[in-house]
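User: Hi! I would like to learn how to read pockets and helix packing in a model. Could you walk me through it?

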Amino acid sequence: MKKLLLLSTLLTNALISFAQDQAPVEMASELRSSGKIYVVVAVLVIIFAGIVVYLTRLDRKITKLEKEIKK
């Protein structure tokens, strides 16, 4: 649980640092004006959620195996 909290804190800080960039990006402006930016954000969120779920499950499996080895 601590690892997940640490990961979410680090990612939040990274998102905040990206949000502070003031220079306009042409590609982002076009995507925003056509409404496609929401699709891009949705795909990124789905990919990120999949990675987090995968890493969480992998961590649980490794922890379980470590406990079995110690017994």
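Analyst: Happy to, starting with residue classes: Ala, Val, Leu, Ile, Met, Phe, Trp, Tyr, Cys and Pro count as nonpolar, Asp, Glu, Lys and Arg as charged, and the others, Gly among them, as polar. With those classes, the lining of the largest pocket divides into 16 nonpolar, 1 polar and 2 charged residues. Keep in mind that this is a predicted model.

User: What volume does the largest pocket have, and which residues are the closest to its centre?

Analyst: Its volume is about 640 Å³. Of the 19 lining residues, Leu 15, Phe 18, Ala 19, Val 41 and Leu 44 are the closest to the centre. Two or more residues of this lining come from each of α1, α2 (26-34) and α3.

User: Now the helices. At roughly what angle do the axes of α1 and α3 cross?

Analyst: Helix α1 spans residues 2-19 and helix α3 spans residues 37-70; their axes come within 12 Å and cross at roughly 155°. Because angles over 145 degrees count as roughly antiparallel, α1 is roughly antiparallel to α3. The crossing of α1 past α3 is right-handed.

User: Which residues in α1 and α3 meet?

Analyst: From α1 come Lys 3, Leu 4, Leu 7 and Leu 11, and they meet Phe 48, Val 52, Thr 56 and Asp 59 of α3. Sorted by class, this contact has 5 nonpolar, 1 polar and 2 charged residues.

User: What lines the second largest pocket, and how much space lies in it?

Analyst: About 280 Å³ of space lies in the second largest pocket. Its lining is made by Met 1, Lys 3, Leu 4, Leu 7, Val 52, Leu 55, Thr 56, Asp 59 and Arg 60. Here α1 and α3 are the elements that give two or more residues.

Methods: Residues are numbered from 1 along each chain as its sequence is written. This is a predicted model: local features need pLDDT of at least 70, side-chain atom pairs count only at pLDDT 80 or more; totals for chains, interfaces and linings use all residues. Side-chain values use heavy atoms; hydrogens and water are left out. Axes are lines fitted to C-alpha atoms, for helices over the stretch in contact, and angles run from 0 to 180 degrees between N-to-C directions. Helices (H or I, at least four residues) and strands (E, at least two) are DSSP runs, numbered from the N terminus. Angles under 35 degrees count as roughly parallel, over 145 as roughly antiparallel, 65 to 115 as roughly perpendicular and the rest as oblique. A crossing is left-handed if the near helix is turned anticlockwise from the far one by less than a right angle, and right-handed if clockwise. Contact means heavy atoms within 4.5 Å. On a 1 Å grid over the protein atoms alone, a cavity is a set of points where a 1.4 Å probe fits but cannot get out, and a pocket is an open set with protein on both sides within 12 Å along at least five of seven lines; lining residues have an atom within 4 Å of a point. Grid points are joined across faces, edges and corners, and a volume is the space filled by probe spheres set on the points.
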